Amino acid sequence: MSVMAVKSVLFLFSLSLLGFIQYLFADNVHADPDKTIEKRLSMVEEQIAGRGIKDRRVLDAMLKIPRHLFVDSSLKERAYGDHPLPIGEGQTISQPYVVAWMTEALNLKPSDRVLEIGTGSGYQAAVLAEIVSQVYTVEIRKGLKETADKLLDKLGYKNIKTKYGDGYYGWEEYAPFDAIIITASANHIPPPLIKQLKEGGRLIIPLGSTLYYQTLSLVTKNNKELNVEQMGGVAFVPMTGEVKRK
Ligand code: SAH
């Protein structure tokens with residue numbers, strides 16, 4: 001075993017005993033020519049845990065999910081890098097740290113039902129699906145929705161429902177949600193999403209009208225009042241559709 005592998009196994013052990021045992025006995029450890037498991041371990045260790053993310057369920061989900069399958073095969077070498085990557089149609093899969101940061105901030109419980117706006121590659125939906133009971137995700141670009149569907153199906157996710165449509169309107173049929181995550185930027189929070197958030201629920205959104213900088217905002221709904229906490233700067237692709245007309 002290389003030094004890297006020993007270091008990685010030690011790190012995994014510190015995360016969870018079960019994860020360690022699964023790692024040792026997993027068949028794919030021995031059939032991983034691209035060393036994607038090692039790349040995931042260093043991604044989680046350096047970019048995620050190293051920057052202060054502590055939620056074990058978030059760390060475990062990101063250790064498990066083959067992020068390289070969520071980008072075009074020509075980009076797989078860069079899939080575990082500390083940056084967003086293009087996923088076609090001018091859209092991007094978020095930087096791993098941003099995915100972890102947003103997911104942790106939602107303070108999710110295993111029984112939660114979560115709505116995502118902006119399926120994109122499906123990676124964020126997969127992270128959520130490892131943590132909560134049911135994920136609903138809406139994508140406005142048909143091509144991206146269909147590609148994400150195929151991959152999520154291939155990976156065996158049974159608790160993700162996808163929809164082609166404008167996420168401005170949420171997904172009324174399955175509302176209310178315990179948490180809502182919007183992975184595209186907007187200059188306001190779409191009112192239907194606030195309505196579809198449960199009392200006590202949390203919503204996270206990159207708020208701002210400029211292209212390269214928005215404020216990641218965490219909204220909590222309590223007694224019908226909204227409490228907004230500004231978490232920091234991010235750069236997301238803009239939400240399109242109805243939000244632009246308001
Ligand atoms: N969460 C994604 C990345 C999102 S990129 C992932 O894990 O890969 C932002 C996505 O939001 C793009 O796919 C874009 O098409 C989608 N989007 C933009 N406006 C939208 C809207 N009004 N409703 C639903 N999806 C939207």
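Visitor: Which residues of H5 are buried?

Guide: First, the basis. This is a predicted model: local features need pLDDT of at least 70, side-chain atom pairs count only at pLDDT 80 or more, and totals for chains, interfaces and linings use all residues. Residues are numbered from 1 along each chain as its sequence is written, and side-chain values use heavy atoms, with hydrogens and water left out. Now H5: Pro-96, Tyr-97, Val-98, Val-99, Ala-100, Trp-101, Met-102, Thr-103 and Ala-105 are the buried residues. Buried means under 20% relative accessible area, exposed over 50%, partly exposed in between (1.4 Å probe, protein chains only). Helices (H or I, at least four residues) and strands (E, at least two) are DSSP runs, numbered from the N terminus.

Visitor: Why is helix H5 called largely enclosed by the rest of the structure?

Guide: Of the 10 residues in H5 (residues 96-105), 9 are buried, so the helix is largely enclosed by the rest of the structure.

Visitor: What makes H6 mostly covered?

Guide: In H6, 8 of its 9 residues are buried. Among them are Tyr-123, Gln-124, Leu-128 and Ile-131.

Visitor: Why is Asn-107 called exposed?

Guide: Its relative accessible area is 52%. The cut-off is over 50%, so Asn-107 counts as exposed. Asn-107 sits in the loop between H5 and S3. Its phi is near 50°, a positive value in a residue other than glycine.

Visitor: What makes Asn-223 exposed?

Guide: Asn-223 has a relative accessible area of 66%, so it passes the cut-off of over 50%. Asn-223 lies in the loop between strand S8 (214-222) and strand S9 (225-234). Phi of Asn-223 is also positive, near 50°.

Visitor: What makes the peptide bond from Ala-175 to Pro-176 cis?

Guide: Omega is near 0°. Pro-176 is in the loop between strand S5 (160-164) and strand S6 (177-182).
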